[in-house]
Every structure is written in structure tokens, then in C-alpha cells.
Amino acid sequence: MVISEKPHVWGMIIDGVRSPSVSTETYEDINPSTGEMLALVPRGIATDIDRAVEAARRAFEEKAW
């Protein structure tokens with residue numbers, strides 16, 4: 001009997017926190033050596049990019065890292 005497992009959906013890590021993409025779209029992360037799907041990855045959109053850039057800018061300017 002084959003048990004179908006639901007693939008894991010990874011979140012984006014923005015500002016040190018794993019969070020979902022604003023978009024609900026995903027793509028398959030494939031292991032190139034086996035062709036096996038490892039996970040579903042959020043397909044980031046412009047809003048996600050803006051959040052990531054703002055977080056990176058804040059980290060750079062605070063120099064806390």
C-alpha cells in the first residue's frame with residue numbers, strides 16, 4: 001500500500017521569521033540527482049521582495065548583525 005504524503009510547503013524567511021508568501025502560488029523544489037520533489041516553495045511576488053529588501057536595509061543600517 002502506498003501512502004501519499006502531502007508535500008511540505010516551506011515559508012519564506014524574511015527578517016529572521018519564517019512566513020508565508022503574500023501569493024498562494026508555489027513551485028516544486030526538485031532534487032536534481034533523483035528527480036524527487038523535496039518540497040513546495042512559495043513563489044514570491046513583488047510585495048514579498050519589498051518586505052525582504054526593507055528587512056535587509058534595516059539590518060544593514062542598524063549594524064546589529
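This is a predicted model: local features need pLDDT of at least 70, side-chain atom pairs count only at pLDDT 80 or more; totals for chains, interfaces and linings use all residues.

R51 has a relative accessible area of 29%, so it counts as partly exposed. The side chain of R51 meets that of D48 in a salt bridge, at 3.3 Å from N to O. D48, by contrast, is buried, at 2% relative accessible area, because the cut-off for buried is under 20%. Both residues sit in helix α1, three residues apart, which is about one turn of the helix. The general point is that an α-helix has 3.6 residues a turn, so residues three or four places apart point the same way.

How many salt bridges turn up in a search of the whole structure? Three. Another of them joins E61 and R57, with 3.9 Å between N and O. These two are four residues apart in helix α1, so about one helical turn separates them. E61 is exposed, with a relative accessible area of 54%, while R57 is partly exposed at 47%.

The remaining pair is D15 with R58, where the closest N and O atoms are 2.6 Å apart.

Now the helix itself. Helix α1 covers residues 46-62. Its 17 residues reach 24 Å from the first C-alpha to the last, close to the 24 Å expected at 1.5 Å a residue. Just after α1 comes K63, with a positive phi of about 55 degrees.

One more residue in the helix is I49. Is I49 buried or exposed? It is exposed, since its relative accessible area is 52% and the cut-off for exposed is over 50%. In sequence I49 is 28 residues from S21, and in space their C-alpha atoms are 9.8 Å apart.

Last, the strands. Strand β3, residues 26-30, pairs with strand β4, residues 37-42, in the antiparallel sense, over five bridges. T26 has P42 in β4 as its bridge partner. The two strands, β3 and β4, form a hairpin with six residues between them. In that turn, G35 takes a positive phi of about 80 degrees.

That is what I have; I am happy to go back to any of the pairs.

Note on methods:
Residues are numbered from 1 along each chain as its sequence is written. Side-chain values use heavy atoms; hydrogens and water are left out. Buried means under 20% relative accessible area, exposed over 50%, partly exposed in between (1.4 Å probe, protein chains only). The expected span of a helix is 1.5 Å times one less than its number of residues. Two strands pair if DSSP finds at least two bridges between them. A salt bridge is a side-chain nitrogen of Lys or Arg within 4 Å of a carboxyl oxygen of Asp or Glu.
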